[in-house]
Amino acid sequence: MHEIKCPNCGTVFQIDEMDYQNVVKQIRDQEFEKEISEREKQYKIEKESAVELAKSKIEKEYQERVTEQKLEIVELKNKLVLQDKESALTIQEALSKKESEISTLSNQLELLKNDFLLKEKNMKETYEEKLKDREEQISYYRDFKARQSTKMIGESLEVHCSNEFNKLRPLFSNAYFEKDNDARSGSKGDFIYRDYDDEGMEFVSVMFEMKNEADMTATKHKNEDFFKELDKDRREKKCEYAVLVSLLEIDNDYYNEGIVDVSHKYEKMYVIRPQFFIPLITLIRGMAMNSLKYKKELLVIQNQNIDISHFEDNLNTFKEGFARNYRLASDKFKKAIDEIDKTIDHLQKTKEALLSSENNLRLANNKADDLTIQRLTKGNETMKKLFSETKK
């Protein structure tokens, strides 16, 4: 139970939790409407003040210049009265020249006035357009807030983006757009978008995170509080882009002007309001499709490089096998040469032995040719006698 004291009579009374929340919500809604109204009035006052200030400045400059010219005319007229007839002609010419300059200046001032009116009109239209955009955004936020309950506040933005995408699903015939339910790494984003060509090749992928915040939240978050975790999810899920769809910092013009590129802090990351959800997907998809041709050419080159690598591997395998076989054949050839050398050495020795035998045979033959009965019987009387008797 809560105690409430009346500021007029001082009476203290108690109300239950539900009535207390209703009272608090009523007060905050009134303050929200009051703040919106005050901001609209302040914006109109600032616009009107800027226009009036510009008008006053132009009119003041115009009056000052006309006054200066009039003073010069009066001075010239006075000189004309004081000078004689000869100088009167010169003064009259100067006066005519000055009046011509005044006429020219008047025409220029008229042009300046017209230019100012045109600029004023453009400025007014620009302010009115910005005011209209701001009113539409406030109206959108009011409607969005009115349609969501405390229990659904964390999911309503996801449902909104999912519905927006599914309305245009036929335009993304090969696309994948589903909730990220894989929390094995410790965290997960809200949605993953992947798109493929007709051959099944992925050419773009986006990790989406949706952030909304109730007015009664005690601690207000900033968009940049979620950049680091979103970048981590993008890398772990192997997505090319990261996008934060946010209703945080609703009064921050930096995030209200359109698609905000924060890639100077985290690679390929954007922050958008919900109304830019589909335009951003279309933009990223269009850029990716333009680069798809080059990706395919790069893939062909990579495959060619793989084929060359395989060819080089096969060539190196052939070289290694050939070198091994050559080494084995060379070893056997060397052994065969050694054996031939040994055989040649053996044959040489055999040759020398045969040559030596031939020489001995020649000597023996010579000796045989020189053998005669006279030599055999020389000094042997008995043999001589026998041969002599034989002859007889």
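Asp-231 is placed in helix H4, residues 227-236. At 8% relative accessibility, Asp-231 counts as buried; buried means under 20% relative accessible area, exposed over 50% and partly exposed in between, with a 1.4 Å probe and protein chains only.

Please note that this is a predicted model, in which local features need pLDDT of at least 70 and side-chain atom pairs count only at pLDDT 80 or more, while totals for chains, interfaces and linings use all residues. Residues are numbered from 1 along each chain as its sequence is written, and side-chain values use heavy atoms, with hydrogens and water left out.

I turn to the chain as a whole. Its secondary structure comes to 8 helices and 8 strands; these are DSSP runs numbered from the N terminus, helices being H or I of at least four residues and strands E of at least two. Of the 392 residues, 23% count as buried. Among contacts between residues at least 6 apart in sequence, 57% join residues at least 24 apart.

Next, the sheet. How many strands form the open sheet, and in what order? There are 6, in the order S3-S4-S5-S6-S8-S7, with mixed pairing; two strands pair if DSSP finds at least two bridges between them. S3 and strand S7 (260-261) stand at the edges, each with a single partner strand, so one side of each lacks a neighbour in the sheet. S4 and S5 run antiparallel and are joined by 6 bridges. Asp-195 has Val-204 in S5 as its bridge partner.

I now come to the aromatic residues. The structure holds 11 aromatic pairs; rings of Phe, Tyr and Trp (its six-membered ring) pair if their centres lie within 6.5 Å, with planes under 30 degrees apart counted as stacked, over 60 as edge-to-face and the rest as tilted. The ring centres of Phe-165 and Tyr-193 are 5.9 Å apart and their planes stand at 70°, so this pair is edge-to-face. Because Phe-165 lies in helix H3 (residues 156-167) and Tyr-193 in strand S4 (residues 191-196), the pair ties together parts that are 28 residues apart in sequence. Both Phe-165 and Tyr-193 are buried. For Phe-177 and Phe-191, the ring centres are 4.8 Å apart and the planes are at 0°, so the pair is stacked. Both of these residues, Phe-177 and Phe-191, are buried as well. The charged end of Lys-179 sits over the ring of Phe-191, 5.1 Å from its centre; the criterion is NZ of Lys or CZ of Arg within 6 Å of the ring centre and within 35 degrees of the ring normal.

Finally, the nonpolar cores. Such a core is a set of buried Ala, Val, Leu, Ile, Met, Phe, Trp, Tyr and Cys residues joined through side-chain atoms within 4.5 Å. Which residues touch the most other members of the largest core? Of its 26 residues, they are Phe-165, Tyr-193, Phe-208, Met-210, Val-243, Val-245 and Phe-277. H3, S4, strand S5 (202-211), strand S6 (241-246), strand S8 (269-272) and helix H6 (277-370) each supply at least two residues of this core. H6 gives the most, with 7 residues. A second, separate core of 12 residues includes Ile-192, Cys-239, Ala-242 and Val-271.

How values were computed: Contact = heavy atoms within 4.5 Å.
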